[in-house]
Amino acid sequence: MLRGILLVVLLSTRATRGDGKDQDYFPCEPRDVKISTLDQRTLSMTWADDPSCIKFPEFKSMLVVFVGDLKAHSDEVVMTPKQNGSTHRWSWTSYLPLECVSHSVQLTYQYQNLTSRQKQAQTDPGLTSPHRAQVLPQDQIFLVGSRATFCCVIPESETFVTMYVSGNNDGMDMNTTQINNRTFMLSIDLNKPSIESGDNIICNSITDDYGACAYVGYPPEIEGLVCETQDLASVVCHWTKRRNSHVEARYPTAYSLQGKSCSVQSGNECSEKVNVNAGRKIWTLKAENLLGGVVLTDEADLRERVHMAPVEVRISDVNARNVSVMWKWKFPIYNTLNVTCQLRDNTHHTSHVSGVGRHDTTLNNLTPNTSYSVQVRCGTAQHFWKWSEWSSSARFSTKGDVPDALDVWMQRKDNESIIVWKDSRSNGEVLGYEVTLMPVKSPYTPQALPFSPREHRAVLQLDPRAEFLISVTARNKNGSSAPSTLRTPVGTPVEVSSRLRGYNGGFNLSWTGSPLSSCGYVVDWFPPTSENQTIDWLKVDPNVTTAEIISSMCQNCKLMEGVRYLISIYACTAGAPKWLETREGYVKEKRIEDNLLNLKWKQMDEEVRVSWDPVDLGTQSAFIRGYTLYCSNNKNIIRNISTDDPAATRLTVRQLPTASYTFTVKALTAVGECGTSSISATLNSPIDRLMLSVIITLVSVSVLLIFVAVLCFRNWRSIMEKVCPPIPKPSLKGGFAWLADGSPHAAFIDRQSEEQMFEVSLLHLKQDAGIVSTRTQHLKGLSLSTLPPANNVYLAVIPSTMEDLQNLSYNLIVESEDQQVTAAARSQDKSICGFNLQQAIYKAKADPNHLMCCDSAYISAPM
């Protein structure tokens with residue numbers, strides 16, 4: 001087909017004009033036309049001029065490129081007289097690999113309106129009959145942002161389906177064009193760098209998939225070239241990559257230093273053996289790949305850029321608090337240089353040494369019984385360039401020593417003095433502690449108290465009115481620490497002066513400096529409502545009046561949100577510490593829990609008083625600033641009353657009609673209303689309350705009476721014995737025993753006697769007793785006469801005065817001496833001995849001989 005087209009073109013140049021004459025050609029023609037390929041896509045064409053061309057001063061070369069049967073490109077080149085007679089060269093890069101399809105170039109000369117005969121050259125016809133489908137080009141590199149074209153050539157037995165890209169550039173606009181019946185073309189904009197393994201271009205046929213890799217990236221982009229030396233016999237250059245080329249896996253960047261290829265280490269360093277002389281020199285580095293390159297330069301005197309490298313560190317003479325360190329140079333020339341070295345250990349402590357070839361030192365102030373690791377780095381002291389890399393670590397452990405002095409503090413709680421201490425450096429395993437106390441103003445021998453290694457506090461019962469010296473020491477296998485002494489204050493008060501707000505999980509304190517302070521200040525803090533009141537403290541320098549308390553400072557506790565803390569500030573003096581002030585605060589206030597108030601209510605006419613218990617400080621997670629009482633009916637709030645008194649325990653709601661209400665009390669805090677507690681109440685009218693009171697009173701009195709009656713009934717015998725005790729029979733002894741022998745007797749009492757009357761015990765007399773009088777047998781004013789045995793016994797009592805009647809409770813009767821009282825008369829009238837006391841007294845006064853009658857059942861006898 002191509003040959004046919006060329007034949008048509010040649011014949012057309014011979015077309016005749018309208019007057020029947022042939023058209024004239026431009027006699028100057030190209031000759032020796034040759035075409036070749038420079039790479040997979042580039043055509044190169046050469047030709048020479050016909051000798052007749054020298055006649056023409058200037059003409060044009062017209063070039064037309066055909067890709068397969070399609071016109072793909074045209075170009076125009078002006079030929080000057082200087083170029084006449086010489087060989088001409090021209091090249092063009094195709095958008096398709098030359099293997100995809102045949103490429104041909106058509107060349108003609110043109111002068112004014114005349115055109116020479118055409119000359120045409122053709123490349124290899126490409127893959128005319130492949131055994132299997134192929135995607136071209138294979139493994140080619142592309143610059144990011146370029147447009148690439150790929151072709152898929154399939155055999156006659158295959159049927160094309162589609163072409164697409166898989167990788168970072170997938171999803172781009174893809175247009176597939178058919179060049180001929182076996183060749184298809186895909187053009188795509190490569191706007192992203194490919195993955196390290198390259199993007200895949202896939203050609204899909206009915207039977208199988210075929211593909212090729214495309215590497216999309218950038219030319220090398222580096223900066224910051226710096227050259228130095230380590231051994232004064234070679235140069236080492238470093239640089240920094242600004243951007244990854246993304247094609248290093250397939251097309252690595254090539255580097256050259258001073259025009260010589262150098263091997264790259266770690267991606268940004270290369271070295272070369274050179275003769276290092278004094279003086280500045282320009283060092284040049286070139287980096288390039290198939291997409292481009294870059295050139296960097298650095299001007300330096302390498303003798304001023306010595307980068308040293310210690311390689312081996314050794315330890316010797318290990319003691320409790322110091323050790324000797326030595327190191328070895330990598331290059332012997334370092335022994336002639338004035339060097340400075342830096343040492344650091346695993347506690348981040350650093351030290352410096354310097355000198356000509358200096359390679360050893362001694363580390364002091366180490367901690368006993370501690371594991372260390374040491375590293376060394378060095379540099380030149382003169383023309384210091386940079387520190388070397390840290391050497392490998394040398395490890396060692398120091399020997400043990402006595403413990404360091406403890407940090408001691410105290411806390412007063414009621415009558416107890418709590419001594420607490422913190423370990424500073426144990427310098428070995430602590431075997432125990434010892435607390436020694438001694439009164440300041442007393443000659444008593446100091447008292448030492450031992451404590452186990454697990455204990456860090458001592459609770460002592462000390463007189464708060466006296467000062468004591470407290471010393472605490474720690475003991476390990478190497479001995480005891482220096483004593484830490486504290487002088488206890490006398491009667492230190494603790495009064496909260498202000499409130500403190502937490503900040504960032506802790507407290508920030510500031511206070512006014514005190515003239516009492518001679519050695520600084522002490523700040524302590526603890527939660528007073530906690531069961532385990534763990535105290536911690538912080539010592540502050542004399543010229544500092546601020547402190548920050550955070551959880552990391554607390555050795556045995558952690559600052560908790562919603563917990564009240566007491567923070568006290570003391571002035572450190574030569575004697576006992578002086579209390580300055582105490583504050584209270586929360587690290588962060590939290591909502592108080594609900595239902596802690598224990599509400600109660602009381603109705604008073606149309607008023608209701610709601611009272612509650614104060615919130616326990618142990619559960620109070622925020623400062624209470626007041627309370628609010630809400631009164632609601634059917635879930636609708638109809639009244640609310642507030643108070644800003646945090647100590648309030650009751651509020652009153654007035655003018656409430658009879659109904660059912662819900663009373664809710666909430667505490668006012670910095671985090672809002674919380675601690676909600678509610679109680680329901682039904683109000684009654686005043687009449688109902690009066691009737692209820694009367695009914696309650698009546699029921700209470702009735703129940704009380706019934707209880708008393710039942711109690712009396714069940715204990716009646718005991719009550720009667722208490723109220724009316726039985727009168728015992730007389731018990732007569734001595735000379736009066738004859739009164740109880742049952743024989744008839746008579747007694748006469750001489751009222752003229754001045755002796756006292758004797759109380760006569762009870763004596764039962766038989767009925768029908770008579771009364772006789774005799775003046776015989778006188779005994780202490782009482783004359784008794786024994787009568788002959790008879791059936792009746794009479795007793796005559798003659799009082800000398802009214803005062804002689806010592807037992808007037810008996811029913812006595814006064815009768816004449818000669819009167820006889822018969823048994824019949826007493827049996828008929830039981831009142832014969834029942835008498836009027838006044839009448840008896842009167843008769844006794846009027847008639848001295850008148851007798852008084854005793855009851856027939858009882859008589860008072862002398863003791």
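Colleague: Let's start with a cavity. Which residues line the second largest cavity?

Modeller: Keep in mind that this is a predicted model. The lining is made up of Pro-220, Glu-221, Ile-222, Lys-241, Arg-243, Asn-244, Ser-245, Glu-248, Thr-253 and Tyr-255. The elements giving two or more residues to that lining are β17 (221–228) and β18 (234–243).

Colleague: How do the lining residues of the second largest cavity divide into nonpolar, polar and charged?

Modeller: You get 3 nonpolar, 3 polar and 4 charged. As for volume, about 50 Å³ of space lies in this second largest cavity. The search over the whole structure turned up 2 cavities of 30 Å³ or more.

Colleague: On to rings. How many aromatic pairs does a search of the whole structure find?

Modeller: The search gives 21 aromatic pairs. To classify one, look at the angle between the planes: over 60 degrees counts as edge-to-face. Take Phe-26 and Phe-56: their ring centres are 4.6 Å apart and the planes make an angle of 65°, so this pair is edge-to-face. It also links distant parts of the chain, with Phe-26 in the loop between α1 (2–12) and β1 (30–37), and Phe-56 in the loop between β2 (42–49) and β3 (59–67), 30 residues apart.

Colleague: Is Phe-56 buried or exposed?

Modeller: The cut-off for buried is under 20% relative accessible area. Phe-56 has 17%, so it is buried. Phe-26, at 0%, is buried as well.

Colleague: What about a charge over a ring? Where does the charged end of Lys-422 sit?

Modeller: Over the ring of Trp-537, 4.4 Å from its centre. There's also Arg-250, which lies over the face of Tyr-251 at 6.0 Å from the ring centre.

Colleague: Now a single position. Where is Gly-379 found, and which residues does Gly-379 touch?

Modeller: Gly-379 is in strand β30 (residues 371–380). Leaving aside residues up to four places away in sequence, Gly-379 touches Met-308, Asn-338, Val-339, Thr-340, Phe-384, Lys-386 and Trp-387. With a relative accessible area of 0%, Gly-379 is buried.

Colleague: Last up, the backbone. Which residues does a cis peptide bond join?

Modeller: Leu-136 and Pro-137, with omega about 0°. Pro-137 lies in the loop between β9 (134–136) and β10 (140–143). Gln-258 has a phi of about 55° and sits in the loop between β19 (254–257) and β20 (260–261). Lys-635 has a phi of about 70°, and its place is in the loop between β49 (626–633) and β50 (636–643).

Colleague: How do I read the accessibility of Gln-258 and of Lys-635?

Modeller: Over 50% counts as exposed, and values from there down to the buried cut-off are partly exposed. Gln-258, at 34% relative accessibility, is therefore partly exposed. Lys-635, at 82%, counts as exposed.

Key. Residues numbered from 1 in each chain as written. Predicted model: local features only at pLDDT ≥ 70, side-chain atom pairs only at ≥ 80, totals over all residues. Heavy atoms only, no water. Phe/Tyr/Trp six-rings, centres within 6.5 Å; stacked < 30°, edge-to-face > 60°. Helix = DSSP H or I, 4+ residues; strand = E, 2+ residues; numbered from the N terminus. Buried < 20%, exposed > 50% of the residue type's maximum accessible area, 1.4 Å probe, protein only. Lys NZ or Arg CZ within 6 Å of the ring centre and 35° of its normal. 1 Å grid on protein atoms, 1.4 Å probe; cavity = no way out; pocket = protein on both sides within 12 Å on 5 of 7 lines; lining within 4 Å. Points joined across faces, edges and corners; volume = space filled by probe spheres on them. Nonpolar A, V, L, I, M, F, W, Y, C, P; charged D, E, K, R; others polar. Contact = heavy atoms within 4.5 Å.
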